[in-house]
Each structure stands twice: as structure tokens, then as C-alpha cells.
Amino acid sequence: MDQRKGVDWTVIILTCQYKDSVQVFQRELEVRQKREQIPAGTLLLAVEDPEIRVGSGGATLNALLVAAEHLSARAGFTVVTSDVLHSAWILILHMGRDFPFDDCGRAFTCLPKENLRAPVEALVCNLDCLLDIMTHQLGPGSPPGVWVCSTDMLLSVPSNLGINWDDFQGARVIAFPGSPAYAVNHGVYLTDAQGFVLDIFYQGTEAEIQQCVLTDGRVPLVSGIVFFSVDTAEHLLATHVSPPLDACTYMGLDSGARPVQLSLFFDILLCMARNVSRENFLAGQPPEMGQGDMDVAGYLQGARAQLWRELRGQPLTMVYVPDGSYSYLTSSASEFLLSLTMPAAPKAQIVHSQVEKPQLLGPGCSVVNCLLEGAVHLEPGSVLQHCHLQGPVHIGTGCFLSGLDTAQSEALRGLELRDLVLQGHHVRLHGSLSYVFTLVGRLDSWKRQEIDTYLNMSWSDFFKKTGIRDWDLWDPDMPPAERHLLSARLFPVLHPSRALGPRDMLWMLDPRDDGGKALQTWRVSWRLSWEQLQPHLDRAATLASRRDLFFHQALQKARHVLKARQDLCLRPLIRAAVHEGFSKHVLAMLDQVAAGAEDPGVASRALACVADVLGCMAEGQGGLRSGPAANPEWMRPFSYLECGDLSRGVRALAQERDKWLSRPALLVRAARHYEGAEQILVRHAVMTAQHFVSMEPVELPAPGQWVMAECPARVDFSGGWSDTPPIAYEFGGAVLGLAVRVDGCRPIGARARRITEPELWLAMGHQKDEMATKIVCRSLDDLQDYCQPHAPGALLKAAFICAGIVHVRSELSLQEQLLHNFGGGFELHTWSELPHGSGLGTSSILAGAALAALQRAAGQLVSTEALIHAVLHLEQVLTTGGGWQDQVGGLMPGIKVGRSQAQLPLKVEVEEITVPKGFVQKLNDHLLLVYTGKTRLARNLLQDVLRSWYARLPAVVQNAHSLVRQAEECAEAFHQGNLPLLGQYLTSYWEQKKLMAPGSEPLAVRRMMDVLAPYVHGQSLAGAGGGGFLYVLTKEPRQKEAVEAVLAKTEGLGNYSVHLVEVDMQGLSLQLLGS
């Protein structure tokens, strides 16, 4: 279920009593393995009990034999050998008998719980809770052996439970605390001071129970959990070849042996209890046998004698869990309702359900796997499971309703149900599937020997009220002792002329003066008793209908989450849908949301979710999620999105997608193109920043006159990643940054001038070089690669386009445009003295410098605030994406906080941070840059972060909150001039960056940070991380030589260098030079 270390089970076996349920429950185990609740390598087996009533002991012996047989075959043996047990951890889960409140038994009874840590969203059944307890709480640390666990109880176990398994031998039972009063109807252990079990009492006398009371005043209850060591399991397995115990297994029954009923606790374990004598053991009988089985007592005595011979010498110890809790799932409706509701809770428990009017649900009631539309009232103490109801419906207190859908809502209108259990059942009769309804009272007893009632009234009152007679329910020759609720033919399963519904039972609550029509309809229907109904329940159809309803409500939830822009992660639901065959339904819903979205954030997130669905369908095959997204087949839908036709674009995407679903490689490539489509919408959203780009016309410089822009680099101190679209406008961002000079220089710059030739001359390289790379653009075709970031001069070409100097889609040629508007062309040089991938914001600051120089050369003056937004626009045109913190950090002077609100159009506002007098110099003395020699690959980091953000991974959403909050706190630390506190924030910031982008810390960098840690207040890699520059805030001033000395002594750091750094108080400078 999560990343906790648990038992790596070798085999998990689920025993069930019905042959036709084996495949159904086998699939349920496999589904849980896909959900990662069960280790991938575990052998899963659903095993039918050899006979319906072999007892828990017989079912355990049979399951152990089946496990040993499968492991023997897997190991290459041709016969069953117990040697395979020596390296196996086996878990046997017993389904047990029928349960009146769930057609799939107590194991698959759904609980009002959600596992928010689970990688796959799913209903939580009792089986899931017990699997988690056995795997992560009781099982860890145990030696190889066999765990046996019943599924007929609700358990809670403290997370820090540590069981000592040193030198363990024999068998061990797990006991939970209970009151002596509860023990009257239950099993309890009597132990000595060393924890050895002396005796096991079932429904013991007051004196026996008092013997078992522990120092805490409670008694250790028999919980249904036991562990057998390998040696003890081998002794138990050995009995399967000896009569009469061979009859407990399928091998014995297949050989014609007479069935025998054994109890796990009161036969198999009881013979190991120290105070039990052989004479008393052989004379006793387990409570599972019942009073009607006395004729087989002699046969059982032979079985017990065999158990005594094999197991008597095995020690039996007990582990008591004082802080745990145990509750047996009885057949009492009142107790069942109490276990699913929280009477003291201030509001209803709504789990995996969509409720249109939650205010109509009473406090403490429970709703699980339901879709409630309209006015559905549910009063306190009642439970709804697996229902799709449409109001108006009123359900009073003490009710349990399950398996009802909209077709049955009409039958509930006008009624106020109270203290009733109404259930719908999938039934297969003579090969045909039908739907049957049962109605009983909350107070009715399901036990044969108790005083019987029906609908909470005596049978005589019921007959008088409804006109039904006892001969309607029981055959005349049936003995009175056998006439009870279980055997009463109450429930219509087939009517000769129409479909059945809840009304065919509900009329009994208020028989109206209808001339006896309801009674007559009931009488002419083919009816079955509860006992007769059980073998015909179709558990496959039951689980399938629950699954359908789960995804129906889950898709409604997902639709609401997307439209309401909620920060809820949908990946667990996506995984569930793909694993269980509902991926097409999820894709259709996402298409609808995306096509109808008015908010670009909603549409782009829906497209990102489609990419997640496709990636999940690839099941880890087909290649990496990050990759190219420009296949010609996808250009038509992309063109619609580029033109703003969202609905048409989404439809075209879906049409193309259908051609790419056949194999993992195609699925992954389709996912990449959906991320490409999502980026188109992000680009359009970011381009709204153009609203805040304004220019002021100024005198055009003379041809040949250079305009030079110079800029510092930037160091981000807190908040980075929150400025990255779409986080910047969906959540809001805040980044604290410093403009800095490196080794006394402003390392980034550009210069532009007009030239007489109607051409564009581009040059990139170091400022003092003879311009290493030169490009001449003479036609619009030479500019067409402006949106390919790795193409030579792409940034400079994009700058000409974004500055409005060139229009690439104009009918006029490049020369015509330049001559008409400027009388000639332009020359643009850009440079950076920093290494590629430095993390100091080079490319964005360079874009700002290029735009500033070009605009001024073209006769336009752009404010720095406008330039910040212009760079956002340019980077979207260039298709590199990216946030706003780099240009804020490098174009604006000094120490400042940039902020953007969660809204469009995207607007960045900057606040200068004032610091105490002399603090800037102090900062300069303590701040150093260390070039790590590692080049970062921010592009892949960015794709991963955006993918995590659109998935709304909880850790990423929480981290976004932390980043923004800490940026504001860091600003206050600058106000105070608190250097140690700034160091703490710097180190914390690096941890936040790593959480946002796992894999951004190379090993050599970690080694470097570790050796520097004693000498610094704090440190972080610049920008996105992954390499580039490390900046450190040293404890002592002027530590360049000391840091170099420390690093020189450290092996494996590679080609690093240490640089002085100082805060730049000028920011972007723009000046006109001579020709």
C-alpha cells in the first residue's frame, strides 16, 4: 500500500467455501497485486474448501497442502515436499461462512476508510485492512513459516508493535484485549507468566474467564491470527496423509475419504496448550461442530488423536497487543451498523462517494461507494453502500441499504425507512442473471436457536399485519425448531409476468387496502429463503457492479476536481482505471472537460491527465515519458489549439490518439504529444503577459551606432519553481533573488545597431572574442527555426520577432520589411561570460538584454518592468518555457522579491528589499560561487516538474506552499540582516528544490556540499540544480582561499572553480555608443 517495509510473501492463499467463487476471488487477489498491496513476486491462490463445512482447521490444512504442492512444483519436485517451507513466508486468509450484510463475505465488506497513501485509488475492504496489518505490522521480522488469519473480524494494531522472534519455535497466537463480559460469548487464552498458552476457553464459565484476566483488567481474546514455525507447519502438513485427517484436504476427498470438521483453535492449537490433558482433549469437541453433529464424535476423536501425536510437543505462545482492538463481525445488524458508523462524529463519513447535498446527511452516518443525486436524507446511525439514488428519498435511523440504483429510487419515495436492512443481490438461477431484493429488520436474529422475529416484530404480529401465513414460508412437515428466518421463503426471485423490485418486499411495512394485490403478487412469485439464496449469489456480478459504480462516482469526482481547480491528485484514480479496464471512460471524461473548459489551466491539466493515462497504459514500457512531440500526424490538432479552437483541437487529438493505442511505444509517444498540446495552452496563457509590455518611441539611433545592454547574473535565495508556468498563474509565485556580479564583472550582455544592408547579422560568443558564431539572415526562410531552441541563433531570431522588427508570416519579404520600416537591417551581438548551464539565469537575462538593445536600436524604449513580461513572451515563442525569476533577478537591481498572483493575465510585480546599512557589503564578504563543473539539463527537470504539478502530487503541492511562504520569510531575514538565518533558509531551499525535481543533485555536488558544510551557514545549487554553480554563505568573511583549500583536499570533484560574488545595485544598463 505504501513504501513501508513489509513482508515479502512467498504465497498468499485465500480460502473460500463456494466452488464458483474461486476465479472471482483469484481475480481480486491479482487486482490487489497490481495495486502494489501485494508484492509482485508473490504466488496468489484462491482455494476452495474441500467441503462447505470442513471448519477453520480443515481449511488451514488443505490450504497448507495446496501451498506446499505449488511450491514443490515450482522448485522442480514431482511430489509434495515440506522442504519448500524452509524459505517461504506463507499467508493463509480464511473467508469463513456467509455474511448477511455482504454477498461476498466479511472479507469483502467495504469499510468507511480511504488509504490516502495508496498509489492506486480503490475501495477499502476488510481484506485490505487485514492484508496491510499482516504485511506491515504483525508479519515483519517473523522467520519463514505460515501465518493464518481469519477475515471475520475488524482489527486495529499500533504501528510501532515490535514482536520478538529471537529463537522462536512452535506456534504463536496473537491476542487482543477484551472485557470479561465480551469473553462470555467468545474465545480467550489462559497463559502463564512466560506467555505459554495453558488453555483456550470458548464461551467459558465465569471462573474460567476470571483465570484469564490480565493485570490491565482485560482478557486476551482469540483473534483468528496464528503463526506456525516451519517445524510446526511440517508436523501439521504430515497429517494430510493419515486418516482421518486426510479427509480435511482435497486429496483425501478425491480419494473417497469421509469429510471431517476441524477447528483451527479448538482442535489444532488446543492440543498444544500445556494444561490440556490427552483424555480431555480426545473427549472434547470444537464449537464449530454444533449440537447436530454428535454422530461424528467418534470420527472426530480419531482425528484429534492424530493431531495429539503430531503436535503435542510443539510449544504454543501468545503475543498480547494491549493497544490494539478486535471486533468480531457478528450477524447482528445493530453491531454491524455500530462498526461502520461513528455516533459521536460531528458529520457524516462520505467515502468514495459523490453526494449532491451532503448537508442532508446526519452526523455519524456512513456513505461508501455511492452516488446520491438530489434530496437524499440519511439520518444518524444509518449506512449506505454501493447505491446510486435519486431523491427525494428519506432514510431514517438504524438502516443499512446496499446494492440499490436509480431504478429502485422510486420505490423508496414516500417511505421513511427505520431500523431496516434492504439489499439488492445479483443472483444466477438456472444460468440466468437476475436481481433480487431482501428486506429484514435491524433487530431480527440470524441465529437458529434464538427467538425469531421478522421486520422487528414477532412472527404472529407479522402474519396478522400482512396476511402472510406460515405455510407460505415453510413446508407443513418442517419441524417447528427448523422454522426460522434463515429457512423462511420470504424473498421473491422470479415473477411470471414482470420484473421484481424493492416494492415486492417493502409492501410488508405498510400493507395498504389494495384488495390484497401486493400479497397475491408476492404469493405467485417464486420465492427462496435466505439459506436457499446463498448458493445462487453471483459474486462476480456483485463485485463488477460495485466496480462500475466506483468508477462512475470517481469520474464525477475527477470532473469536479478539474473544473473546480482543486489540488487533489488524480494519479491513483488513473492507475485504478487502467488496471481495471476503465481507461476509455477516463479518457472520454478528460476529453469532455478539456473541450468545454473556459479556463486554460483546466484544459491543460485535463490534457496532462490524458498523457498520464496513456503513460500508465504503457505499463512502464515503450521508453521515457520525456521526448519529442512534433510528429506530422499530430500537427492538425496542434494547429487548432494554436488558433484557439480548443473544442475542435481536443476532438482532433482524441481521433489521432485512437491510432496510437496498440502498443507501449506508441502509447508513450502519444503521451508526449499530449504534453506538447498542453504546452501550447500554457504558452497561450503565459503570452497574456504581453498585456504588460509597453514601449515609448524615442529618437532612432544613427546607422552604425551601437546600443549596448549589460546585465548582472542572478542568484535565487528562495521561492524558485513557484515562478514557473503554470504554477506561477495557477497557484501564484514568490521568489527572492539577488542581482550579482561574478569576479567583479557583469557577465551578460548584448549590443545592437542598424546597418545599411537589408539583412540581419547575428553573432554569439564571449564579448572580447571575434564572435565565435556568426549568422546572416537574408530571407524569412532563414528565420523559420526561431522556435527550435537548439538551432544556431534561435534566441536572437526570436528576439527580432518578439521586438516586432520582423513578422515571419508577412507577405512582405525580409528585405522589404527592413527597408520599409528602418531603411536597412540590424546587427545583434550577444555574449555571456558564464559557462553553459550555470544556473545563474543566463538565457533569460540574455533574452532581456537582447530585447532591450534591439528595441532601443529600433527607436523604442522599454521599461524594465515591461521587459520582464516581454522575456516571458519571448521564451514561449522560443518554446523553452521557463518562469520569470531569472529576468527579475538579473534585470532588476539589488535584492528583491518578485511575485505573481494566481490569475491571468500573468503579471509580475517586484518589490525591492531594504536591508540594514552595511549589510550588502557584509553579504558580499560572505557569499561565494563555486562552479561544480557539472552541466545541468534543466529541460528534462522542467518537464518532470510540470508533470508532477499537473498530477497535483501531494508532496509537490505542499512544496509549492512552502516555497512561496519561505520566500516571504527570507525577505524578512534580509530586512533584519540575519546572516545565519539566511543560511538556514538557503539550505532549506535546496531541500525544497530537490523535492520539486528529484535527481537534481549529482553525487560529486553532494560530496562538495558535505565537505563545505562545517564552514558555511548554508548552501544551494543555483537555479533548477543538476549542476552549474553552487553558492555558499560562509561563516567567516572573505573565505575564497579557504574554500579552495578545502576542495583541493577532496577527491573526485572534477573541474571546479571558486568565484567572488557581489550584489549588483545597478541591474540592466543601456547606453548608446559610437559607431
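How far apart do the C-alpha centres of domain 1 and domain 3 lie? The separation is 48 Å.

1. Basis of the note. This is a predicted model, in which local features need pLDDT of at least 70 and side-chain atom pairs count only at pLDDT 80 or more, whereas totals for chains, interfaces and linings use all residues. Residues are numbered from 1 along each chain as its sequence is written, and side-chain values use heavy atoms, with hydrogens and water left out.

2. Domains. The protein chain comprises domain 1 (11-325), domain 2 (333-537), domain 3 (565-687), domain 4 (692-912) and domain 5 (919-1063); these bounds come from an automatic or database domain assignment.

3. Extent of the interface. Seven residues of domain 1 contact seven residues of domain 3 (contact: heavy atoms within 4.5 Å). Between them about 660 Å² is buried, with carbon and sulfur atoms giving 50%; buried area is the accessible area (1.4 Å probe) that two parts lose on being put together, summed over both. On the side of domain 1, Lys-34, Val-120 and Glu-121 lose the most area to domain 3, together 58% of what that side buries.

4. One salt bridge is counted between domain 1 and domain 3 (a side-chain nitrogen of Lys or Arg within 4 Å of a carboxyl oxygen of Asp or Glu). The side chains of Arg-35 and Glu-580 form a salt bridge at 3.1 Å, N to O.

5. Annotation. The unreviewed UniProt entry assigns "domain: GHMP kinase C-terminal" to residues 971-1048; such annotations may be inferred rather than shown by experiment.
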